[in-house]
Structure formats: structure tokens, C-alpha cells
Amino acid sequence: ADGDYLVVSDDFKTRSAPDLKFFLSKNSFDNVNGDNATDGAVLLAKLKSTKGGNAYKIPSNVNVSDYNSLVLHCEQYSKLWASTPIK
């Protein structure tokens, strides 16, 4: 393979919002909020679709183990959309 990917499953579904992006955050998922979602975080990709599966290439200089949660964030309005711990 040509690197690591964030893979979103085919049953993925979320509400629409402008400017939804995936970030890796150093905050634990239960402490992340709209104000700190991007603090020290790395942008992975803009959300391609609000439903269905997709793959997002993780930049080669990013070590996922340095981060504690995956965040879906509406950057334009600083709204936390979703977060989950990185397993």
C-alpha cells in the first residue's frame, strides 16, 4: 500500500454542515469541544460525503499514535460534529 488511510465504513452517516473536516486531536475524545478541537490537531481531509464509505490518505509525516482522538469538526463555525477515541 502507499501509506495509511482513515477508512470510513459504508454505513457512515452524519448530518450535513458546511466545512466538515477530519482532524486528529491530541485531546481525549471526552475532552474535545468546538473551542479546542483543532488545537494541536492535524487536518486529515475535508469530508467527502455525509453518507457512505470513503478512504482518506493520512499524510506520511503524521504518526497516528501521537494523537488520542479522531474529530469531525465544522471548521467554519467552530462546531464539534463528532469525535471518537483512536484505538
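The conversation below sets values against definitions.

Mentor: Before we start, keep in mind that this is a predicted model, in which local features need pLDDT of at least 70 and side-chain atom pairs count only at pLDDT 80 or more, while totals for chains, interfaces and linings use all residues. Residues are numbered from 1 along each chain as its sequence is written, and side-chain values use heavy atoms, with hydrogens and water left out.

Trainee: Why is His73 called buried?

Mentor: Buried means under 20% relative accessible area, exposed means over 50%, and partly exposed is in between (1.4 Å probe, protein chains only). His73 has 2% relative accessibility, and therefore counts as buried. This residue is found in strand S5, residues 69-74, where strands are DSSP runs of E with at least two residues, numbered from the N terminus.

Trainee: What makes the pair of His73 and Lys79 a polar contact?

Mentor: A polar contact is a pair of N or O atoms within 3.5 Å; within protein, one must be able to donate a hydrogen and the other to accept it, and residues adjacent in sequence count only if both atoms are side-chain atoms. Here a polar atom of the His73 side chain lies 3.2 Å from the backbone oxygen of Lys79.

Trainee: How do you know that Ser78, Gly53 and Ala55 are partly exposed?

Mentor: Ser78 has a relative accessible area of 39%, so it is partly exposed. Gly53, in the loop between S3 and S4, counts as partly exposed because its relative accessibility is 32%. Ala55, in strand S4 (residues 54-57), has a relative accessible area of 35% and is therefore partly exposed. Not counting residues up to four places away in sequence, Gly53 touches Val8, Ser9 and Asp10, and, with sequence neighbours within four places left aside, Ala55 is in contact with Tyr5, Leu6, Val7 and Lys48.

Trainee: Why is Asp11 called exposed?

Mentor: Asp11 has 65% relative accessibility, so it counts as exposed. Asp11 sits in the loop between S1 and S2, and a polar contact of 2.4 Å joins its side chain to that of Ser9. The C-alpha atoms of Asp11 and Gly53 are separated by 6.8 Å, although the two residues are 42 residues apart along the chain, whereas those of Asp11 and Gly34, 23 residues apart along the chain, are separated by 25 Å.

Trainee: Is Asn36 buried or exposed?

Mentor: Asn36 has a relative accessible area of 16%, so it is buried, even with its place in the loop between S2 and S3.

Trainee: What makes a set of residues a nonpolar core, and how many residues does the largest one have?

Mentor: A nonpolar core is a set of buried Ala, Val, Leu, Ile, Met, Phe, Trp, Tyr and Cys residues joined through side-chain atoms within 4.5 Å. The largest has 17 residues, and those with the most contacts inside it are Leu6, Phe22, Leu24, Leu44, Leu47 and Tyr56. S1, S2, strand S3 (42-46) and S5 are the elements that give two or more residues to this core. Leaving aside neighbours within four places in sequence, Leu44 is in contact with residues including Leu6, Phe22, Leu24 and Leu70.

Trainee: Which residues line the largest pocket?

Mentor: The lining consists of Leu6, Val7, Val8, Ser9, Phe12, Phe22, Leu70, Val71, Leu72, Ala82, Ser83 and Thr84. Strand S1 (5-8), S5 and strand S6 (79-85) each supply at least two residues of this lining. As for the term itself, on a 1 Å grid over the protein atoms alone, a pocket is an open set of points where a 1.4 Å probe fits, with protein on both sides within 12 Å along at least five of seven lines, and lining residues have an atom within 4 Å of a point.

Key. Helices (H or I, at least four residues) and strands (E, at least two) are DSSP runs, numbered from the N terminus. Contact means heavy atoms within 4.5 Å.
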